[in-house]
Amino acid sequence: MTDVDFASLGPAVGEPFPGVILPGVDGRPVDLHADRAGRPALVVFYRSARW
Amino acid sequence: MSYDGVEALRGFGAKYGISYPLLSDEGSAVIRALGLLNEQAAEPIMGIPHPGTFVLNADGSVRSKHFYPSYRERDTGVGVLEHLLGVEAAVHGAIRDASVESVAVSAWFDKDSYAWGQRIWLTVELDIPAGLHVYGRPIPDGYHPLEVELEPIERVLPGPPRFPETKPFRIDGLDEAFHVYEGKVRVQVPVTFMLVDGGTLDAGVRVSFQACTTTECLAPQSLRLVLPIAEQPLVERPQPRA
């Protein structure tokens, strides 16, 4: 596996995290920033819930 | 956020009692748009992101981001609180302590059990009484800096220790510049546990240092603390599938 430059992956430190609206577990859309409601948050990208 | 469908996430969330939002990026459109697609992942796992965590400030800007070189290695909840967010977690693993030359030394893992692939932090805290200081690096030859070392255990992989900032210190009549610690000092070592069926481990932690007053140095000290850490079994080991 070739080396990935992790520092350059995804939104940069200091930049606004982009808006994201995706379905949650009940199928209804979740707007990440609205759901956060002005609080700090962790956004975790993980491999899979199935395997 | 993952590339799983809603059904899979609902089942996963229910099974593990997950209370925070699980977002379904089926098709990986958002993963791609954010530049996080793992382009080296071929079928049947094409579409997975590089695994990582973004910490967002209250205003929605990115405070920090953290990627892991392997899907196997992950921070634990306490690790995230303390090392990504700078919040002291209330619960840790067992604390072991000792005292030598009036310097109190305590050590603990940030949790009392390990699971395969977890990165758990070892903290060693020195409480140096007023009037004494302990040397840090950089250090002239012949003097003994504060060092923390985990004794080797197969498949337990310590990373480089993190030391706090030192204060500069000069002794009248000596040219050399010293860098010292005073008061309470914490050194933290990330430890990745890559073993299964290891059972409870007795982790030996060696702490060495030299304490001095402004006019004289005490003998260099080395002490050993033993921290037990239990094994938490894996929940299951599924195989990759599309």
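Colleague: How do you know how much area chain A and chain B bury between them?

Modeller: The figure is the accessible area (1.4 Å probe) that two parts lose on being put together, summed over both, and for chain A and chain B it comes to about 4200 Å², 65% of it on carbon and sulfur atoms. Of the area that chain A buries against chain B, Phe45(A), Arg50(A) and Trp51(A) supply 22%, more than any other three residues. This is a predicted model, in which local features need pLDDT of at least 70 and side-chain atom pairs count only at pLDDT 80 or more, while totals for chains, interfaces and linings use all residues. Residues are numbered from 1 along each chain as its sequence is written, chains are lettered from A and ligands numbered from 1 in the order in which they are written, and side-chain values use heavy atoms, with hydrogens and water left out.

Colleague: How many residues of chain A and of chain B are in contact?

Modeller: With contact taken as heavy atoms within 4.5 Å, 42 residues of chain A touch 50 residues of chain B.

Colleague: What makes Asp4(B) and Arg50(A) a salt bridge?

Modeller: The rule asks for a side-chain nitrogen of Lys or Arg within 4 Å of a carboxyl oxygen of Asp or Glu; the closest N and O atoms of Asp4(B) and Arg50(A) are 2.8 Å apart, so the pair qualifies. Across the interface of chain A and chain B the rule finds one salt bridge.

Colleague: Which elements give two or more residues to the side of chain A that touches chain B?

Modeller: Helices (H or I, at least four residues) and strands (E, at least two) are DSSP runs, numbered from the N terminus, and in chain A the contributors are strand E1 (21–23), helix H1 (32–36) and strand E3 (41–45). The largest share, five residues, comes from E3(A).

Colleague: Why is the pair of Phe17(A) and Phe54(B) called edge-to-face?

Modeller: Rings of Phe, Tyr and Trp (its six-membered ring) pair if their centres lie within 6.5 Å, and planes under 30 degrees apart count as stacked, over 60 as edge-to-face and the rest as tilted. By this rule the count comes to nine aromatic pairs over all chains. For Phe17(A) and Phe54(B) the centres are 5.4 Å apart and the planes stand at 65°, so the pair is edge-to-face. The pair crosses between chains, from Phe17(A) in the segment before E1 of chain A to Phe54(B) in strand E1 of chain B.

Colleague: What makes E11 and E15 of chain B stand at the edges of their sheet?

Modeller: The open sheet of four strands has the order E11-E12-E8-E15 (chain B), with antiparallel pairing. Strand E11 (167–170) and strand E15 (211–212) each have a single partner strand, so one side of each is left without a neighbour in the sheet. Four bridges join E11(B) to E12(B) (residues 177–181), where Arg170(B) has Ala177(B) as its bridge partner and Phe169(B) has Phe178(B). In the hairpin of these two strands, with six residues between them, Gly173(B) takes a positive phi near 90°.

Colleague: Which peptide bonds of chain B are cis?

Modeller: Among them are the bond from Glu43(B) to Pro44(B), with omega near 5°, and the bond joining Arg137(B) and Pro138(B), with omega about 0°. Pro44(B) lies in the loop between helix H2 (29–33) and E1 of chain B, whereas Pro138(B) lies in the loop between strand E8 (133–135) and strand E9 (147–150) of chain B.

Methods
Pairing = 2+ DSSP bridges.
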